[in-house]
Amino acid sequence: MSLIRLNLTAIRNLQAQELTPSPRINLLHGDNGSGKTSVLEAIHLLGLARSFRSTRLTPVIQHDQERAVVFGLVQLADGRQSSLGIARERNGNCQIRIDGQNARSAAQLAEVLPLQLINPDSFRLLEGAPKIRRQFLDWGVFHVEPRFLAAWQRLQAALRQRNSWLRHGRIDPAAQAAWDRELALASEVIDEYRRAYIQALKPVFERTLAQLVELPELTLSYYRGWDRERSLDEVLAASLLRDQQLGHTQAGPQRADLRLRIGSHNAADILSRGQQKLVVCALRIAQGHLVNQAKHGQCVYLVDDLPSELDEQHRHALCRLLEDLDCQVFITGVDGATLKDGWRTDTPVAMFHVEHGRIEYSGVKA
Ligand SMILES: Nc1ncnc2c1ncn2[C@@H]1O[C@H](COP(=O)(O)OP(=O)(O)O)[C@@H](O)[C@H]1O
Ligand SMILES: [Mg+2]
């Protein structure tokens, strides 16, 4: 998939404009505050219906404007095109349109425009709460396993039921057993999908990482959210009293995590910020390879502030990996010459200069 047209209206400081990106590498350079990150934010909005900069969407809407609108035309892998639109109003209304129809959920956007973001906050994938890693994991499973979404919704429904009766007390023991059984069954399905995904991701991740940085002792493993030796039925029965005290279910796939370790250490505790960023790049690029294999179409990469934390050698190694993925990439940085540097001569690279919210195409890389 690639964005062949992008229309922006009232996004942060960006002027209303239309952009025709290259299907391969797009470099956006310009001074601090010129609007580079805002362009990536607009694309992110189009693919996920949310920003990566703030949990609320109102700050994205240009001051003095009532609504921000992003429209994109996407080239699909099978030769068709799909149009995506997202409008966000100050009063909180959000409208998602796909091919002229109202869409019900952001998952439908993700299906058309799978995005991967690499930015200066990326280290959070290693350092942050397990939820961030679960989102990463489930993004991958969602894009390779068509049955995942329905299974995930089934799990959420069962979990909501159980947590509700844990909080409100009385329930007939037979009904409770039936709900526990449903929760355990739904959990097993999710666990199976996640496990299969990690098994496929691991070798691709290791290969990718080795091309970026030398960290041979780094290991990636999957924790399913409950004891490896026991079934979830058993675990739920054993923790019933405690769950009732806490008012929620402690064990299960809602507690799953990915573990990145170096020996007995948590990788986040000993790696430098730059090394953490490279590990995250390897994870996200590995996911891109699995999407390619599963869908015969690529995800789009957003790399905000490429030079931050990366020296020239590692920047070039990352460029190589992005070139090998053969996908569309949007990369920002202050200095155009730094961004331009390191690409193979036959890779099509389009340059855009961003100045005071205006994006000017400045030609292909010379
Ligand atoms: N809602 C908004 N309306 C208008 N301008 C905004 C809004 N939010 C942020 N800005 C301004 O937009 C500019 C662009 O920021 P950003 O995209 O982060 O720039 P860059 O990534 O090029 O450094 C900043 O100068 C910021 O002050
Ligand atoms: Mg920026």
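Domain bounds here come from an automatic or database domain assignment. On that basis the chain of this predicted model splits into domain 1, residues 1-114 plus 298-366, and domain 2, residues 122-293.

I'll start with how the two domains sit together. Their centres, taken over C-alpha atoms, are 29 Å apart. Domain 1 puts 19 residues into the contact, and domain 2 puts in 19 residues.

Now the area. The size of an interface is often given as the accessible area lost when the parts come together. For domain 1 and domain 2 that buried area is about 1,600 Å², with 72% of it on carbon and sulfur atoms. On the domain 1 side, three residues to look for are Glu 309, Leu 321 and Leu 325: they supply 31% of the area that domain 1 buries against domain 2, more than any other three residues.

Next, a pair of helices. Helix α6 covers residues 173-212 and helix α10 covers residues 273-295. Their axes are 8 Å apart, and the two pack at an angle of about 130 degrees. Angles over 145 degrees would count as roughly antiparallel and 65 to 115 as roughly perpendicular, so α6 and α10 are oblique to each other. The crossing of α6 past α10 is right-handed.

Which residues make the contact? From α6, they include Tyr 197, Leu 201, Val 204, Phe 205 and Leu 212. From α10, among them are Leu 278, Cys 281, Ile 285, Gln 287, His 289 and Leu 290. Sorted by class, this contact of α6 with α10 has 15 nonpolar residues, three polar ones and no charged ones.

Terms used. Residues numbered from 1 in each chain as written. Chains lettered and ligands numbered in written order. Predicted model: local features only at pLDDT ≥ 70, side-chain atom pairs only at ≥ 80, totals over all residues. Heavy atoms only, no water. Axes fitted to C-alpha atoms, helices over the stretch in contact; angles between N-to-C directions. Helix = DSSP H or I, 4+ residues; strand = E, 2+ residues; numbered from the N terminus. Parallel < 35°, antiparallel > 145°, perpendicular 65-115°, else oblique. Left-handed = near helix turned anticlockwise from the far one by under 90°. Contact = heavy atoms within 4.5 Å. Nonpolar A, V, L, I, M, F, W, Y, C, P; charged D, E, K, R; others polar. Buried area = accessible area lost by both parts, 1.4 Å probe.
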